[in-house]
Amino acid sequence: MKYGTWNVASYERDAADRLHLAGFSPITAAVLCARGYSEIESAREFLSANVPLSDPLELIGMADARDRVKKALDRREQIAVFGDYDVDGITATCLLTEFLRARGGHVTSYIPARLEEGYGLNEIAIRSLYEAGVKLIVTVDCGITANQEAELCRSLGIDLVITDHHECKADLPYAAAVVDPHRKDQPAPTLELAGVGVAFKLAAAISGDQEALLDECCDLLCLGTVADVMPLLGENRTMVARGLKALANPRRVGLAALMAECAVSPAAVTAGTIGYTLAPRINAAGRMGQVDIATELFLTNDAGRAVELAASLCKLNRKRQEIESGIYQQAVSMLPAEQEPGAIVLASEQWHQGVVGIVASRLAEEYSCPTFLICLDGKKGKASSRSYGGFNLFQSLETLSELLESYGGHELAAGFTIRRDRIDLFREKMLALSNSFSRSGECRAALACDCEIPPELLTIANIEALDQLEPCGAGCPRPILVMRDLTVTELLDVGGGKHLRLRLSGGSHTWGAIFFSTNARRAGLCQGDRVDIAFTPQVNEYRGMRSVQLNLVDIRPESSVRNAQKIDEALLQQLMLGEMLSAQEAEHLLPTRQDFVAVWRYLTASAEDGLLSEDPGCLCRKIGRFCPQPLGMGKIRVCLEIFAEQGLLHLQQRPKAIHIRLTNDGRKVDLEKSEILIRLRKQKEGT
């Protein structure tokens, strides 16, 4: 199991039936009801993805920003559009640069060199722009925490307009205008716009025709909004839906070239295509310190040059993947072997600043905790961090701001600069914050599922009808469905052992399934297992044949097995806490000598270099199959605890796994002297 808890949404079946009668497929109707769109009109409005755009001037500071930029256009002043080096920042920079140039502006686009200048406004850039005669800097997707840099602009006589969407500190930078939906004084409800969305609003305020402008630049809006994982609801949904239609026939030669280089069919572009195929390649330019490749790709009108730039982006992405793999291996080797991390804070002088964010995201997911990776350079380090389970990174950095040189970002991803000599104290305090959050009950690490469905609804027509929910992404994910009590009839590791292909049956129905990033060993599965699954369905086409395929998100033993496991875990906890068990409960947990022998033989046969790490349930099912006689989880766990008590192994329970290190050096141990075993026997006898 990847997730300890599945939260399957509930909905009124009568409401789903009404939607079905109104023309929605039964699965689509159930998903819409589970997500709160139970009325016919609200469901149709949501699926139309055509929410009217709000007035840009509703954003505080927008009128001042519009007026200052218009003045610069009228005066023919030199303007710099200053952006960030991720997809959101790149698209925002290109959107506003293109817009202002089309209206006669003298515009320079500037995205800082990631490795030399770091994130956002900086002294090197500001002085360079000042020497170039820039009178106005307009930031996009950055600047909201650049208080010192804003003062430098002021001292040099450069006006500053800040447009951003990241979290704000208590004191805003000094500027001619500050536009950010997260300003503390911004009236609710807050617009969850990407940086490119805020830049679009500024352009719309200047042009006065938001609808016409949307048609003009919805492709860039779509890319930046999806890539920055903004919720695809409300205005964002309208922008992205319009952008996807535009990408079906891209007018920018750069986008057309990139899609061709990635073998992406324009007719089949979805938000998922952007997130998993296009965005990583665009991001690679900024991560690898060659962001100009991406900006030129979007702004060029030369088709031949676009082909060259697209090929360069894909080459950079492959290099990024190689570097990422190396950093990941190094980071994992730095983690304590026998300690579950409550928060990961690691630092190295060898890491690439542009790539550590991806590795941090991977580690946060695998180790179920917030992760901070720091690239050291001399006396300081620059860090990228990623959240887990709803831990608010920006708030945590705000709490520890006295240890930091600078910081910025939002709840799920953030960056900061820290002195080398403060890293150990930062690690200690961040671990305390993370542990406190975990104990608070606010951690959201459960899998959110839309609904449970009966097998007969998994038809090709019903699955194709789910495309009505597009665009899917943050805030409107691809539906995750649940089916229970299926049987594993076949399973095979594929992709060099990285992925698992299965066949599952339920009643008279059989499906092919794929579970990415796991294999049969890690999943603890074998032929004949009865399981529950959480999955996203798709229609698979192979050699002209179309069939239903299940893309597994999680798989777990069916309910009766899980219930037995919970009972055994509860009894084991009582035993280890020294609480009394009934004679029947003690007998249920009491292993025989043959049980001890069978469990030990499994451990010695399966441990690699004396180490074994698995989900507790998976491990116990495997041991149970290995044993000559049926052996339940409770007895297996007691065997492990007694082995640990007697020094035969070191045992550690982590959130997702039980870790075992064999420590026996060949000496003989008399298990009959085990206090756990003696206590169990006494309780069985009622003494």
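Leaving aside neighbours within four places in sequence, which residues is R183 in contact with? The points below answer this and go on to other features of the model, which is predicted.

1. **R183 and its surroundings.** Apart from neighbours within four places in sequence, R183 is in contact with I60, G61, C168, L172 and V178. R183 sits in the loop between β6 (177-179) and α9. With a relative accessible area of 14%, R183 is buried. There is also a polar contact between the side chains of R183 and D185, at 2.8 Å.

2. **A cis proline in that loop.** P189 belongs to the loop between β6 and α9, where R183 is also found. The peptide bond leading from A188 to P189 is cis, its omega being near -5 degrees.

3. P471 is in the loop between α19 (460-465) and β14. Most residues other than glycine have a negative phi, and most peptide bonds are trans.

4. **Positive phi at two serines.** S368, though not a glycine, has a positive phi of about 55 degrees. S368 is located in the loop between α16 (356-367) and β8 (371-377), and counts as buried at 18% relative accessibility. S517 is another residue other than glycine with a positive phi, here near 60 degrees. The loop that holds S517 runs between β16 (509-515) and α20 (520-523). At 59% relative accessibility, S517 counts as exposed.

5. The model has 32 salt bridges. Side chains of opposite charge can pair when their charged atoms come close.

6. **A salt bridge between helices.** K201 and E235 meet through their side chains in a salt bridge, at 2.8 Å from N to O. K201 is in helix α9 (residues 195-207) and E235 in helix α11 (residues 234-247), so the pair ties together parts that are 34 residues apart in sequence. Both K201 and E235 are buried.

7. **A salt bridge between strands.** The side chains of D532 and R484 also meet in a salt bridge, with an N to O distance of 3.8 Å. This pair links distant parts of the chain, 48 residues apart: D532 is in strand β17 (residues 530-542) and R484 in strand β14 (residues 481-494). D532 is buried, with a relative accessible area of 1%, while R484 is partly exposed, at 34%.

8. **Cysteines.** How many disulfides does a search of the whole structure find? The search finds 0. The cysteine sulfur closest to that of C262 is in C314, 4.1 Å away, which is too far for a bond. C262 is buried, with a relative accessible area of 14%. C476 is in no disulfide either; its nearest cysteine sulfur, that of C472, is 4.5 Å away. C476 is buried, with a relative accessible area of 1%.

9. **A three-stranded sheet.** An open sheet is formed by 3 strands in the order β19-β21-β20, with antiparallel pairing. Its edge strands, β19 (611-614) and β20 (649-653), each pair on one side only. From one strand to the next the twist averages 10 degrees. β20 pairs with strand β21 (residues 658-662) in the antiparallel sense over 5 bridges. H650 has R661, in β21, as its bridge partner. Helix α25 (residues 633-645) packs on the sheet and touches β20 and β21; the direction of α25 makes about 125 degrees with that of β20.

10. **I40.** I40 lies in helix α3 (residues 40-48) and counts as partly exposed at 29% relative accessibility. Not counting residues up to four places away in sequence, I40 touches R18, L19 and A22. The C-alpha atoms of I40 and A16 are separated by 9.6 Å, the two residues being 24 residues apart along the chain.

How values were computed
Residues are numbered from 1 along each chain as its sequence is written. This is a predicted model: local features need pLDDT of at least 70, side-chain atom pairs count only at pLDDT 80 or more; totals for chains, interfaces and linings use all residues. Side-chain values use heavy atoms; hydrogens and water are left out. A salt bridge is a side-chain nitrogen of Lys or Arg within 4 Å of a carboxyl oxygen of Asp or Glu. Helices (H or I, at least four residues) and strands (E, at least two) are DSSP runs, numbered from the N terminus. Buried means under 20% relative accessible area, exposed over 50%, partly exposed in between (1.4 Å probe, protein chains only). A disulfide is a pair of cysteine sulfur atoms within 2.5 Å. A polar contact is a pair of N or O atoms within 3.5 Å; within protein, one must be able to donate a hydrogen and the other to accept it, and residues adjacent in sequence count only if both atoms are side-chain atoms. Contact means heavy atoms within 4.5 Å. Two strands pair if DSSP finds at least two bridges between them. Axes are lines fitted to C-alpha atoms, for helices over the stretch in contact, and angles run from 0 to 180 degrees between N-to-C directions.
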